[in-house]
Amino acid sequence: MQGRVAVITGASSGIGAATARLLAAEGAAVALLARRAERLEALALELEEYGAKVVAIQADVTDPAAVAAAGEQVASELGRVDLLVNNAGVMLLSPFEADLVDEWERMIDVNFTAVLHTTRVFLPALRDGGGDVVNISSVAGRVVFERSAVYNGTKHAVGAWSEALRKELAGTGVRVGLIEPGVVATELTTHFSHDETKAVYAERYDGVERLEASDVADAVLFMVSRPPRAAINEILLRPSAQKP
Ligand code: NDP
């Protein structure tokens, strides 16, 4: 990763922060995007301590103007982009008939629409010299669950779009890969507002040792560190004890 520049969305916690740590430890310069600026600043300080070049950018990825401004900041401070990790996401599970329309819209905006806008902004820089787009989907992009209709929809959309983009960019030097984690120990599940679903979710994975965020970061690093001739299109990784 020496000399490469990585842009990571949702870098303020969980999988995004772990990916930033790993890529920076491997020598990449990293641009960290998320809304919680204080978290990004703390992570930037930590990474700078071991010599990494880091740019922390407070940005709501659902705001196309903020993402465009982030693109300009990365260009002026880091000069290039070799890797985009579309990781920012929210999972707000509930039964469809609970009618939590605001939460459906947030999931669609963050998990899918923002991925399109972010990729649109950084793709010209990736095409200039080649690089990788890594999209963090989920096992929920393959397997559907009750109380997960909209989240499943957003992750299936990411998977379909990602595979079409891979085909469109094949031969341009830009690889597009999809990573589909099973359940990972992060903050993601703490944001549900539907209490009964919190209990159902906890019960579904009772006794399952969660993946660590660093396990997913390892998958990102493996995907992007292949020689240019080899593209890992998709990685599905579950906790060993996870069935669905
Ligand atoms: P976290 O909740 O720990 O991290 C989510 C990240 O997304 C945070 O950094 C958050 O930052 C960011 N984010 C959310 N909304 C926005 C926004 N509007 N603008 C910018 N950033 C935003 O969860 P994970 O690390 O688990 O999730 C990362 C990805 O992994 C998601 O796409 C998720 O769907 C996927 N995933 C997670 C699994 C799990 O079990 N944990 C399983 C499969 C996939 P901030 O709040 O500071 O903006």
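Contact here means heavy atoms within 4.5 Å. The model is predicted, so local features need pLDDT of at least 70 and side-chain atom pairs count only at pLDDT 80 or more, while totals for chains, interfaces and linings use all residues. Residues are numbered from 1 along each chain as its sequence is written, and side-chain values use heavy atoms, with hydrogens and water left out.

In helix 3, P64, V67, A68, A70, G71 and V74 meet H117, T118, V121 and F122 of helix 4. The residues of this contact divide into 7 nonpolar, 3 polar and no charged.

Next, select L23. Leaving aside neighbours within four places in sequence, L23 is in contact with M1, A6, I8, A28, V30, L83 and L221.

L23 is also among the members that touch the most others in the largest nonpolar core, of 38 residues. A nonpolar core is a set of buried Ala, Val, Leu, Ile, Met, Phe, Trp, Tyr and Cys residues joined through side-chain atoms within 4.5 Å; buried means under 20% relative accessible area, exposed over 50%, partly exposed in between (1.4 Å probe, protein chains only). Helix 7 gives the most to this core, with 8 residues.

Finish at A11, in the loop between strand 1 and helix 1. A11 is buried, at a relative accessible area of 1%. From A11 to L32 the C-alpha distance is 5.4 Å, across 21 residues in sequence.

Conventions. Helices (H or I, at least four residues) and strands (E, at least two) are DSSP runs, numbered from the N terminus. Ala, Val, Leu, Ile, Met, Phe, Trp, Tyr, Cys and Pro count as nonpolar, Asp, Glu, Lys and Arg as charged, and the others, Gly among them, as polar.
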